[in-house]
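Hi,

Here is the structure I promised to pass on.

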Amino acid sequence: MVTKEELMDLATLSKLNISDGETEKLLKDMEEIIKFADTINSASSEGVAFDNINELQNVYREDDIIESYPQSEILNNAKTQEDGFFCISNRGQGKKEDLAF
């Protein structure tokens, strides 16, 4: 059973403000959650294979390698470029020395 003190400690750790009116409802809700978890934990799993119960499988496809545009064509519209790469400023506030990519 969850005590009021434990609930308030949890609320403090979670940085939640809980009024006195909400406390009783939350205690009741937490009790129900714990009962539900206990029910699940008490279920027998002996002789039951839970691995892949829905028989799902990943569907993979082969990667298709396609030719890309030439680097020079890609950089044609670049405002600034250096050594075959786009140049961008550091968070939009950099100087020429900060340009990198």
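Let me start with Ile-53, which counts as exposed because its relative accessibility is 56%, and the cut-off for exposed is over 50%. Before going further, please keep in mind that this is a predicted model. Ile-53 sits in the loop that runs between H2 and helix H3 (71-74). Together with Val-48 and Phe-50, Ile-53 makes up a nonpolar patch on the surface, and the three share about 320 Å² of accessible area.

**The overall layout**

The protein chain has three helices and two strands, and along the sequence they come in the order α-α-α-β-β. Of the 101 residues in the protein chain, 10% are buried. As for contacts in the protein chain with a separation of 6 or more, 15% of them link residues 24 or more positions apart.

**H1 against H2**

How do the two helices pack? Two packed helices are described by the angle between their axes and the distance between the axes. For helix H1 (residues 4-13) and H2, the angle is about 105° and the axes are 10 Å apart. H1 is therefore roughly perpendicular to H2, since angles of 65 to 115 degrees fall in that class. On the H1 side, the residues that meet H2 are Lys-4, Leu-7, Met-8 and Leu-10. Their partners in H2 are Asp-20, Thr-23, Leu-26, Leu-27 and Met-30.

Thr-23 is worth a click. If you set aside the neighbours within four places in sequence, the residues in contact with Thr-23 are Lys-4, Leu-7, Met-8 and Ile-18. Among them, Lys-4, Leu-7 and Met-8 are also on the list of H1 residues that meet H2.

**Salt bridges**

How many salt bridges does the structure hold? There are three, and here is each of them.

- Lys-25 pairs with Asp-29, and their closest N and O atoms are 3.1 Å apart. These two residues are four apart in helix H2, so about one helical turn separates them. Lys-25 is exposed at 53% relative accessible area, while Asp-29 is partly exposed at 32%.
- Lys-35 pairs with Glu-32, at 3.8 Å from N to O. Both residues are in helix H2, three residues apart, which is about one turn of the helix. Lys-35 is partly exposed with a relative accessible area of 47%, and Glu-32 is partly exposed too, with 44%.
- Arg-61 pairs with Asp-63, at 4.0 Å from N to O. Arg-61 is exposed, with a relative accessible area of 66%, and Asp-63 is exposed as well, with 64%. For this pair, keep the cut-off in mind: a salt bridge needs the nitrogen and the oxygen within 4 Å.

Next, a bit of backbone. Most residues other than glycine have a negative phi. Lys-15 is exposed, with a relative accessible area of 77%.

The other case is Asp-83, in the loop between E1 and strand E2 (85-86). Asp-83 is not a glycine either, yet its phi is positive, at about 55°. Asp-83 is exposed, and its relative accessible area is 68%.

Gln-81 is partly exposed, at 43% relative accessible area. Neighbours within four places in sequence left aside, Gln-81 is in contact with Leu-75 and Cys-87.

That's what I have for now.

Cheers

Conventions
Residues are numbered from 1 along each chain as its sequence is written. This is a predicted model: local features need pLDDT of at least 70, side-chain atom pairs count only at pLDDT 80 or more; totals for chains, interfaces and linings use all residues. Side-chain values use heavy atoms; hydrogens and water are left out. Contact means heavy atoms within 4.5 Å. A salt bridge is a side-chain nitrogen of Lys or Arg within 4 Å of a carboxyl oxygen of Asp or Glu. Buried means under 20% relative accessible area, exposed over 50%, partly exposed in between (1.4 Å probe, protein chains only). Patches are made of residues with over 30% relative accessible area and no salt bridge: like charges are joined within 9 Å, nonpolar side chains (Val, Leu, Ile, Met, Phe, Trp, Tyr) within 5 Å. Accessible areas come from the Shrake-Rupley method with a 1.4 Å probe; for residues, only the protein chains shown count as cover. Axes are lines fitted to C-alpha atoms, for helices over the stretch in contact, and angles run from 0 to 180 degrees between N-to-C directions. Angles under 35 degrees count as roughly parallel, over 145 as roughly antiparallel, 65 to 115 as roughly perpendicular and the rest as oblique.
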